[in-house]
Amino acid sequence: MLPKHNLKAYDAELTELRALISQMGGMAQSLLEDAVAALLSRDSARAQSLISDDEAIDALEIEVERLAVQTIALRAPMADDLREIICALKISSILERIGDYAKNIAKRTTALSDDDISDHISILPEMARLASGMIQATLDAFVERDAEKAADVRDRDIRIDTIYNTLFRDMLSHMTENPDAITPSTHVLFIAKNIERIGDHATNAAEMVYYSATGNILETDRRKNDSTSYTTRDEIDQN
Amino acid sequence: MNVDPSNALMRDAEAASAEGIPPKMVARSVNVHYGATHALKDVSLDIQGYEVTALIGPSGCGKSTVLRCFNRMNEMFENTQTSGQVTIDGMDIYARDIDVVALRARVGMVFQRPNPFPKSIFDNIAYGPRIHGLAETKEDLEQIVEASLQRAGLWDEVKDRLKQSGTALSDGQQQRLCIARAIAVQPEVILMDEPCSALDPIATGKIEELIEELRTGFTIVIVTHSMQQAARVSQRTAFISRGELGEYGPTVEMFTKPRHERTKDYIMGRYG
């Protein structure tokens, strides 16, 4: 635990910055989980209300930027303080982006409301839960300045990638066999891709937290398991 | 004098050295006592050539005492005892046969308050070259005065009034006059003891710009209270705390990733 600043107002600003980031993170997590829940229950009205929730996350990002720039200008932060403020700035833009992905999932609820693809989307809540857990762990690591916890988050992304790969192949096979289902299947693929990207963003945020806590860059050769970019039709046909 | 190479601070002192280039000045296990006060404790520091090294630390930590070790200025105070070794280009400056006046020509100094002599601008600059016999003719001397004032960025402001008193200049101009006076005797190292603390931000900016230019030809060691100034002007920063070298390293690292808790608390403005 770092000692307090000579200036109380400086400590208060850093505390406020941390609180804003936690609040943004909590909202992004809820938005993601609620969007997937609305999708599964085909609840278009709920999905619609979530779309406007994303605006609140955007507003918080602006507030974080304002406070971070103000603190840099007035306090001339150094060392751990400097790294933490830069980290807060970057994390806020990552959380804003996560909010956008979650909003995009909510938007697709209406497009899927008439289609029966329940079998294929039942795995999505698990994906969302994993991604949400990564966001939670990243924010905990940020507030606690816990480098080890931040480093652990990266290893969790591989589970989301694995589910995404399986779903991707599953949907390609489904589309090949049922050309009528191409439209809803494409939506499902985008939804899964959104969650997979959220996992990647949470990983980037965790790497930033690691830097903030230690001053060192985490090595970049993390394990990834998203192989969908290399998947061919022949491969799907063979399966 | 024996120096233990396993000493952690010793490694710190050397860690900052540029690879392969021998340091311009080296302090090894320097202790300074003012009467009963043990002002510096086992300080070891390498000063790299053609760089600006900043000494920072709380008031009374000994940073000005460290600075004055490099040209034996501490001897100006009574009851001062210095032990350890300080070298310039490998030569022990505390050796018995050292001419202190000649040493201070090689290692010049600029002080906190601008202190021009109560003489003309011209004579302020010409004083050093005259006593050190650097000019054979009047033309030589005029050339040194002009070149020194040019180098200190003051020539254009004073070239038409070289006969006026140096004390009539503004504070910022007086400090640049003192820098011109220091460089007129062609020193190798310039020590600066809080050279901007009596100046406004614009005059400070001019001095900082000048420091950046001067390091192409001189080695500079600067004591400053302002961490922002250390960050702006120096390549290496030494943190002095309670008479000891707390941490020493590249300035960028000192201000983004200090290694020691005491340094961290000080530069972040937290209660240690």
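## Chain A at a glance

Chain A has eight helices and zero strands. Walk along its sequence and you get the pattern α-α-α-α-α-α-α-α. Keep in mind that this is a predicted model. The C-alpha trace of chain A spans about 70 × 40 × 20 Å along its principal axes.

## Where the two chains meet

Let's turn to the contact with chain B. Chain A brings 19 residues to it, and chain B brings 13 residues. Together the two chains bury about 1400 Å² between them, and 53% of that is on carbon and sulfur atoms. Which residues of chain A lose the most area to chain B? They are Pro3(A), Asn6(A) and Met78(A), which together make up 40% of what that side buries.

Two salt bridges turn up across the interface of chain A and chain B. Asp80(A) forms a salt bridge with Lys264(B), and the closest N and O atoms there are 3.2 Å apart. On the side of chain A that touches chain B, helix 1 (8–40) and helix 3 (79–112) each supply at least two residues. Helix 3 of chain A gives the most to that side, with five residues. Sorted by class, the residues on the side of chain A that touches chain B come out as eight nonpolar, five polar and six charged.

## The largest pocket

Now for the open spaces. The largest pocket holds about 540 Å³ of space. It is lined by 21 residues, and the closest to its centre are Arg104(B), Gly108(B), Met109(B), Phe117(B) and Arg181(B).

Several elements of chain B give two or more residues to this lining: helix 3 (100–106), strand 6 (107–110), helix 4 (121–131) and helix 7 (171–183). What classes of residue line the largest pocket? The lining has 14 nonpolar, five polar and two charged residues.

## The second largest pocket

The second largest pocket comes in at about 350 Å³ of space.

Helix 1 of chain A gives the most, with five residues. By class, the second largest pocket is lined by five nonpolar residues, one polar residue and seven charged residues.

How many cavities of 30 Å³ or more does the structure hold? There is one, and the largest cavity has about 40 Å³ of space. Its lining is made of Ile91(A), Leu95(A), Ile98(A), Ile135(A), Thr138(A), Leu139(A), Ala202(A) and Ala205(A).

Three helices of chain A, namely helix 3, helix 5 and helix 7 (182–214), each supply at least two residues of this lining. The residues around the largest cavity divide into seven nonpolar, one polar and no charged.

Key: Residues numbered from 1 in each chain as written. Chains lettered and ligands numbered in written order. Predicted model: local features only at pLDDT ≥ 70, side-chain atom pairs only at ≥ 80, totals over all residues. Heavy atoms only, no water. Contact = heavy atoms within 4.5 Å. Buried area = accessible area lost by both parts, 1.4 Å probe. Salt bridge = Lys/Arg side-chain N within 4 Å of Asp/Glu carboxyl O. Helix = DSSP H or I, 4+ residues; strand = E, 2+ residues; numbered from the N terminus. Nonpolar A, V, L, I, M, F, W, Y, C, P; charged D, E, K, R; others polar. 1 Å grid on protein atoms, 1.4 Å probe; cavity = no way out; pocket = protein on both sides within 12 Å on 5 of 7 lines; lining within 4 Å. Points joined across faces, edges and corners; volume = space filled by probe spheres on them.
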